[in-house]
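Please keep the sequence and the model side by side while reading this note, and find each residue in the view before moving on to the next point.

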Amino acid sequence: MDSELRISLHAWMVLTRTFDDAMVNLWKQGRGLGGTFSERGHEAISVGAGMALGPDDVVAPMHRDLGTYLLRGMSPERIFGNLLGKATGPSRGRDANLHGMGDLSLGIIGYVSHIPQALPTTLGAAMAFRYRGEPRVAMTFVGDGGTCSGGFHETLNMAALYRAPFVLVIENNQYAYSTPLEQEMAVTDLAARAASYGLATERVDGNDVEAVYRAVSAAVDRARRGDGPSAIEAVTMRMLGHAIHDGAEYVPRELLEEWEGRDPIERHRRALMADGVVTAEDLDRMQRVARERITEAIAAAEAAPFPDPSTVTEGVYA
Ligand SMILES: Cc1ncc(C[n+]2csc(CCOP(=O)(O)OP(=O)(O)O)c2C)c(N)n1
Ligand SMILES: [Mg+2]
């Protein structure tokens, strides 16, 4: 992998973590955030997978895929605006959360918060590309918990049957809210679940950004060539609670400590340094730039207006 791409993957992970840390702090300071889902520990997945897409592809990022939103060009100002319920957020104050953030001009389909309904929606986009003969790919994400919902199984069956240009990234963070993987399902090999419907699958270390990028890139290429859908299972750990209100006391401390030692950003930083791709000064600069960017974004989002109450019925279709 060329050095420029490796540095870019790292810089997006640093920006994502910096955003995430700031988001958690804002919530703790009571500064008006809505649903706050930390993606700490998931940066290699959201960035590695997002980077594998081309400019004309579409993606529906899940609640822990902040890096994918940023990579697709959704500005930190707009995302903080959404979390604060401001008119400048993509949902225009309708959904102060990390879903409801679609923007088709950036190739982003808003994640449907009812799990796993983003899967059939994304498959619909993939089928449209297939019918029109466009060389485009539709990608989305699902958690381990989401793989237990009926829509996951129906989507995968149809995607494989019609060889849709569809890529699914399964984020196996080993918990669905407070339920550990082995209490969710009898077969805990999530790639096998997808393979049973006929998708090409691969299981990767979800804390290794380059491994995620390579696996998802191969899946995107396969879909674009017309060789059908894939599911990539990326194994990681949710490092904070389900959402900010949840202290995750039910997760064994030793498990979290073990995964802290595999932190995706720290690991990648060490690899880049060992290979002489970056210097400590480069990394300090990267962190400084990210902090400045996020500080500016928070100030802009806090100063932005709330939606005009007279617009409340706009976007209501039923
Ligand atoms: C149909 C439905 N039921 C419940 C929820 C509430 N909910 C949101 S995320 C979540 C847990 C999902 O776990 P998993 O799929 O493993 O994703 P993770 O949060 O671990 O990334 C739940 C229960 C929902 N969004 N939709
Ligand atoms: Mg999970």
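The points below take up the metal site, the ligand beside it and several charged pairs in turn.

1. A word of caution comes first, since this is a predicted model, and the distances below should be read as computed from it.

2. Which residues coordinate the magnesium ion (ligand 2)? The donors are Asp144 through OD, Asn173 through OD1 and Tyr175 through O, at 2.1 to 2.3 Å. Along the sequence these donor residues follow the spacing D-x28-N-x1-Y. Aspartate 144 sits in the loop between β2 (138–143) and α6 (150–161), while asparagine 173 sits in the loop between β3 (166–172) and β4 (175–176), so the pair ties together parts that are 29 residues apart in sequence.

3. Ligand 1 has 15 residues around it, of which His63, Arg64, Ser113, Gly145 and Tyr175 come nearest. By class, this shell holds five nonpolar, eight polar and two charged residues.

4. An oxygen atom of ligand 1 lies 2.9 Å from a backbone N or O atom of glycine 145, an oxygen atom of the ligand is 3.2 Å from a side-chain N or O atom of aspartate 144, and a nitrogen atom of the ligand is 3.2 Å from a backbone N or O atom of isoleucine 115. Taken alone, ligand 1 exposes 580 Å², and the protein buries 69% of that.

5. Side chains of opposite charge can pair when their charged atoms come close. The model has 20 salt bridges, among them one between glutamate 77 and arginine 293, with N to O at 2.9 Å. This pair links distant parts of the chain, as glutamate 77 belongs to helix α4 (residues 76–83) and arginine 293 to helix α12 (residues 280–303), 216 residues apart. Arginine 293 counts as partly exposed, at 28% relative accessibility.

6. Another salt bridge joins arginine 269 to glutamate 266, whose closest N and O atoms are 2.8 Å apart. Both residues lie in helix α11 (residues 264–274), three residues apart, which is about one turn of the helix. Arginine 269 is partly exposed at 28%, and glutamate 266 is partly exposed at 30%.

7. Finally, Arg6, Glu210 and Asp275 are linked in a network of salt bridges.

Notes: Residues are numbered from 1 along each chain as its sequence is written. Chains are lettered from A and ligands numbered from 1 in the order in which they are written. This is a predicted model: local features need pLDDT of at least 70, side-chain atom pairs count only at pLDDT 80 or more; totals for chains, interfaces and linings use all residues. Side-chain values use heavy atoms; hydrogens and water are left out. Donors are N, O and S atoms within 2.8 Å of the metal (3.2 Å for Na, K and Ca); water is not among the atoms, so sites may look incomplete. Helices (H or I, at least four residues) and strands (E, at least two) are DSSP runs, numbered from the N terminus. A residue is near a molecule or strand if one of its heavy atoms lies within 4 Å of it. A polar contact is a pair of N or O atoms within 3.5 Å; within protein, one must be able to donate a hydrogen and the other to accept it, and residues adjacent in sequence count only if both atoms are side-chain atoms. Accessible areas come from the Shrake-Rupley method with a 1.4 Å probe; for residues, only the protein chains shown count as cover. Ala, Val, Leu, Ile, Met, Phe, Trp, Tyr, Cys and Pro count as nonpolar, Asp, Glu, Lys and Arg as charged, and the others, Gly among them, as polar. A salt bridge is a side-chain nitrogen of Lys or Arg within 4 Å of a carboxyl oxygen of Asp or Glu. Buried means under 20% relative accessible area, exposed over 50%, partly exposed in between (1.4 Å probe, protein chains only).
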